[in-house]
Amino acid sequence: MLMPGGQNSIIIVGGANMEGWASGVGSDDLDLIRRAGVLLLQREIPDWVNVQVAQAAKGAGVPVILDAGGMDAPVPGELLSLVDIFSPNETELARLTGMPTETFEQISRAAGACHKMGVKEVLVKLGSQGSALFIEGGEPIRQPIIPATEVVDTTGAGDTFTSAFAVALVEGKPKEECMRFAAAAASLCVQVKGAIPSMPDRKSVMDLLESVQPPFILNNGARGQIRRIQ
């Protein structure tokens with residue numbers, strides 16, 4: 001349901017995706033996953049399916065990203081142990097850890113709790129506050145939002161952010177650039193109504209990034225542009 005200001009409220013039929021699965025993931029599907037550049041998962045399907053495909057990806061050296069959206073239940077330790085990057089929003093992070101996430105300091109501590117669960121990188125979506133990547137043993141990487149001209153519909157913005165991050169990651173971009181690319185994609189997403197139609201193409205994302213890149217002064221006094229994702 002779309003509410004004033006572009007915010008959304010999701011209605012679900014709980015368990016609708018839990019039935020009708022075969023006893024295991026097919027060998028052709030597992031082979032496809034082993035050849036992938038990255039595996040992006042979410043929790044609207046049974047955890048055992050996620051575990052099977054994550055095991056296949058992990059065994060082939062394919063990075064695994066788990067978006068926390070979906071099932072409102074603890075994430076099994078077996079699944080978390082296979083995840084390279086865990087991506088919750090602050091509400092999901094609080095639910096998973098049982099810790100408050102109202103301030104950045106609290107979010108940092110909750111991300112640290114995820115590290116203790118075995119996840120080395122936690123990518124937290126913070127809505128209007130942007131996002132933050134917490135890498136175990138390192139300093140957080142913060143990315144502010146790229147303001148939208150008009151917020152029409154926020155449905156799918158989190159999915160767009162995580163998937164765009166995955167695209168940049170598989171292309172070998174530094175994590176800071178991955179987050180900026182994702183922020184641009186999410187900014188474009190909220191300006192269009194509908195979850196699927198609002199997901200932008202690469203050209204639109206690159207055009208937006210180029211338009212918001214601030215110039216900087218080189219050592220020789222010349223003006224340049226910050227290196228962007230190609």
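The side chains of serine 87 and lysine 125 are joined by a polar contact of 2.7 Å. A polar contact here is a pair of N or O atoms within 3.5 Å; within protein, one must be able to donate a hydrogen and the other to accept it, and residues adjacent in sequence count only if both atoms are side-chain atoms. The model is predicted: local features need pLDDT of at least 70, side-chain atom pairs count only at pLDDT 80 or more, and totals for chains, interfaces and linings use all residues. Residues are numbered from 1 along each chain as its sequence is written, and side-chain values use heavy atoms, with hydrogens and water left out.

**Serine 87 and lysine 125**

Serine 87 belongs to strand 3 (residues 85-87), and lysine 125 to strand 4 (residues 121-125). Helices (H or I, at least four residues) and strands (E, at least two) are DSSP runs, numbered from the N terminus. Serine 87 has a relative accessible area of 0% and is therefore buried. Lysine 125, at 12% relative accessibility, also counts as buried. Buried means under 20% relative accessible area, exposed over 50%, and partly exposed in between (1.4 Å probe, protein chains only).

A polar atom of the serine 87 side chain also lies 3.2 Å from the backbone oxygen of leucine 123. The lysine 125 side chain makes a further polar contact, of 3.3 Å, with the side chain of threonine 162.

Contact means heavy atoms within 4.5 Å.

| Residue | Residues in contact |
|---|---|
| Serine 87 | Leu66, Asp67, Ala68, Glu92, Leu123, Lys125 and Thr162 |
| Lysine 125 | Asp67, Ser87, Pro88, Asn89, Glu90, Gly130, Ser131, Gly158, Phe161 and Thr162 |
| Lysine 120 | Asp84, His115, Phe134, Ile135 and Glu136 |
| Valine 25 | Leu30, Trp48, Val49, Gln52 and Val53 |

Lysine 120 sits in the loop between helix 5 (104-116) and strand 4. With 54% relative accessibility, lysine 120 counts as exposed.

Valine 25 lies in the segment before helix 1 (27-34).

**Helices 7 and 8**

Two packed helices are described by the angle between their axes and the distance between the axes. The axes of helix 7 (residues 175-189) and helix 8 (residues 202-212) cross at roughly 110° and come within 9 Å. Helix 7 is therefore roughly perpendicular to helix 8. Axes are lines fitted to C-alpha atoms, for helices over the stretch in contact, and angles run from 0 to 180 degrees between N-to-C directions. Angles of 65 to 115 degrees count as roughly perpendicular, under 35 as roughly parallel, over 145 as roughly antiparallel and the rest as oblique.

Helix 7 contributes Arg180, Phe181, Ala184, Ala185, Ser187 and Leu188 to the contact, and helix 8 contributes Arg202, Ser204, Val205, Met206, Leu208, Leu209 and Val212.

**Annotation**

An unreviewed UniProt entry carries the annotation "domain: Carbohydrate kinase PfkB" for residues 7-201. UniProt positions are given in the numbering used here, feature names are shortened, and annotations may be inferred rather than shown by experiment. The span 7-201 is 38% helix and 14% strand, and its end C-alpha atoms lie 22 Å apart.

Terms used. Lists of a residue's contacts leave out its neighbours within four places in sequence.
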